[in-house]
Number of protein chains: 2
Amino acid sequence: MMQDNTKNYENGEKQKTWLIVGLGLLGGKYAQVLSGKGYRVTGIDCDAATLRFAQERAYIRAGALPGSEDFTTLVQQADYLVFGLYPTAFLDWIKQYGQLLHPGVLFTDVSGVKRGLVEPIQAMLPAGVEFIASHPMAGRETSGITHSAEVAFAPANFIITPTEKNTPAAIAWCRALAETLGFCRITTLSVAEHDRMIGYVSQLCHAIAVGLMCASDNTDLACYTGDSVRDLTRIARINDKMWAELFLWNKDNLIGEIDMFEAALTQLRTRLAEGDRAGLEEMFRLSTARRAAFDQKEP
Amino acid sequence: MMQDNTKNYENGEKQKTWLIVGLGLLGGKYAQVLSGKGYRVTGIDCDAATLRFAQERAYIRAGALPGSEDFTTLVQQADYLVFGLYPTAFLDWIKQYGQLLHPGVLFTDVSGVKRGLVEPIQAMLPAGVEFIASHPMAGRETSGITHSAEVAFAPANFIITPTEKNTPAAIAWCRALAETLGFCRITTLSVAEHDRMIGYVSQLCHAIAVGLMCASDNTDLACYTGDSVRDLTRIARINDKMWAELFLWNKDNLIGEIDMFEAALTQLRTRLAEGDRAGLEEMFRLSTARRAAFDQKEP
C-alpha cells in the first residue's frame, strides 16, 4: 500500500503544482528541495525581498504577495500546498482564502503546535480539500529564507498528526513528501500526543534556556565557562514572535511541564539547604540513569 | 619575572618528584601528561586496580595505597604534589598526613570549590610548605583514570585562586604547571570570585539538568527529540559523590543562583498563564541579546 502510493507519487507528481505559503526558514527549505528535485513550485510571502530571493535562486518559479493580482491565480492553480506560517496567521489565512482551494487539493503545514489548529482548519475546508498536519522538527536558532540552505532534514524527526478526518491516501502523501524532503525518521502521533511531546522535548527546554539567560546578567562570566552554560543556553536565541505563538498555543502542556520541572528543582534546593547529602546523591543517580537510558535511544 | 620562572621550571624541574594524590579522571590525566613529558611522577590512590592501571601505562613510576609501607616514603620524597581528591577527603588527608611534607614543598589541587578548603588547609601546613589552589575546568561526564586519556586540557579554563598567604613564586609555579599540562586559558580569581563564578557557570547548570531529568520519566519521548533535550541534559550524567560534595561546599552561592533562575522561570510562567504575549516576547528578546553577547565572548 505504502509502496504503491510512493510509486504513484514519484511517477505522477511532477505534473502537480506545489504552492508554499510563507517562505520562512522551513517553507523556504521545502521550496528549495522540491524545486531542486524537479517539482513545479510556486510561493506566497508577505515580504517582496523574500519572494525575490526565492525566485533568484529558483526555489520557486512564480511568486505573489497576498492580495496581489497573481495571488488568486497561484492559489487556484495549486494542487498541493505547504503552509509555513505561524499558527495564528495560518488559521486566518484558511478563514480568508480557504474557499479558493479546488477539490482534490491536499495540504500540510510545518507548525510546532497542533491542538486548536488542525481540527478547526479541517472543519472549515471546502468539500474535497484535505489538510493532513505535520511537523518537521528541524528548526534552528536562525530564521528566514536566507538561512534555509543551512537546514538539515535528514537527522530530524518528521511527525505526521492525522485526525479521524484524514484519509489513508493523504497520510501516505504526507509521508512521501517527508521522504522526498530527506527525512529519515518519520512517525505518526495524535494531535494531543504531539503537543504533549513537544511541550517537553522542545518548549520546556526553551523556557529553561530563556529563564537561565533572563535570571541575571552573567555575560561577564562567559570567558570562564566550560560547555555547560553554552549547551544549556544555545536555544535561548529565539525568534520572539514565533515562540510566543508556540508557547501560548500549548499553554496548558507547557505550564504542566514547567511545574513538574520546578518541583524537581525545588526538591534539589531543599535537600541542598538541609545538607541532605544522601538525598542529593539519590537525585544524581536518578538523573544519571535516565540520561543513560536516553542516550541508548538516540539515533 | 614570569618568563624567568617558566624557564627555571623547564630547566630544573625534571629533577623534582611529583606526587599525585588521587588518581581519578583529572589526577590520572596530570600523571599521564607529566610523565609523558619526562617528569618523575609517583601516585597514591586508595584503589589497587587504579594504581596498577597507572603503573602499567607508565603514568606513574611508583604507587602506594594509603597506609601502606611505601606510602610514607612517597609522601616524604615528594617535592610537588597535586591533590585529585574530593574536598572533604583532601581536607582530611592534610589533617592526617600534612606534617609529612618537607619544607620547600609546593602543592595544588583540582577541586571545583575553594571556600572552606583553601584557607583552612593553608592554616594547618608546616613551615615552608605552600598550597596554591587551582581548578582545571576540564571535567567530563565520565570519571576514573580509565577515562583520563579522553580529557582535553587545551580548550578548558585553568583558574588559579591565590590568597594573601601565597607567594609570587608559587603562583608562577602553578601557572607553569598549567602551561605544561597544555591549558591555553589560564586566569586568576580570588577564592570568593571563583566560587561565585562556578556556582553559575557549572553548578546551576548541573542542578537544572538534574532537575529536568528528575522531573518526570519522559525517556519514552527520547526518539522524538531534536537537540534541545540532549544539550540541556548531557551534564545530567553526574558522579553522585563528587557533585554532592561540590554542591554542599558551595551551598549559599548555588542556592542564590537557583533562586534567581526560579524567579525568572516563574516570571515566564506567569506571563504564559496570563496570555501576556508582549511580556513573553520581551523575555525572548532579552535572552536572545544576552546569548548573542555571550557567543561573541566565546573563544
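Author: Taken over C-alpha atoms, the centres of domain 1 and domain 2 of chain A are separated by 32 Å. Domain 1 of chain A covers 2–189 and domain 2 of chain A covers 195–296; such bounds come from an automatic or database domain assignment. Eleven residues from domain 1 of chain A and twelve residues from domain 2 of chain A make the contact between them, where two residues are in contact if their C-beta atoms, placed from the backbone, lie within 7 Å. On the domain 1 side, the residues that touch domain 2 of chain A are four nonpolar, four polar and three charged. Here Ala, Val, Leu, Ile, Met, Phe, Trp, Tyr, Cys and Pro count as nonpolar, Asp, Glu, Lys and Arg as charged, and the others, Gly among them, as polar.

This is a predicted model, in which local features need pLDDT of at least 70 and side-chain atom pairs count only at pLDDT 80 or more, while totals for chains, interfaces and linings use all residues. Residues are numbered from 1 along each chain as its sequence is written, and chains are lettered from A and ligands numbered from 1 in the order in which they are written.

Next, the contact between the chains. 75 residues of chain A are in contact with 75 residues of chain B. On the chain A side, α8 (191–215), α9 (227–233), α10 (240–249), α11 (251–273) and α12 (277–296) each supply at least two residues; helices (H or I, at least four residues) and strands (E, at least two) are DSSP runs, numbered from the N terminus. The most comes from α8(A), with 15 residues. By type, the side of chain A that touches chain B has 45 nonpolar, 14 polar and 16 charged residues.

Chain A is superposed on chain B by a rotation of 180° with 0.0 Å of shift along its axis, at an RMSD of 0.1 Å. The two copies are thus related as by a two-fold rotation axis. The superposition is by least squares on the C-alpha atoms of residues with pLDDT of at least 70 in both copies. Of the interface residues of chain A, 100% are also interface residues in chain B, so the copies meet through the same surface.

One residue shows the contact in detail. Leaving aside neighbours within four places in sequence, V210(B) is in contact with L268(A), M283(A), F284(A) and S287(A), and also with A236(B) and I238(B). V210(B) is also among the residues that touch the most other members of the largest nonpolar core, which has 188 residues; the others are I20(A), I208(A), V210(A), I20(B) and I208(B). A nonpolar core is a set of buried Ala, Val, Leu, Ile, Met, Phe, Trp, Tyr and Cys residues joined through C-beta atoms within 7 Å. A residue is buried if 20 or more other C-beta atoms lie within 10 Å of its own, exposed if 12 or fewer, and partly exposed in between, with C-beta atoms placed from the backbone.

Beyond four places in sequence, I94(A) is in contact with I121(A) and M124(A).
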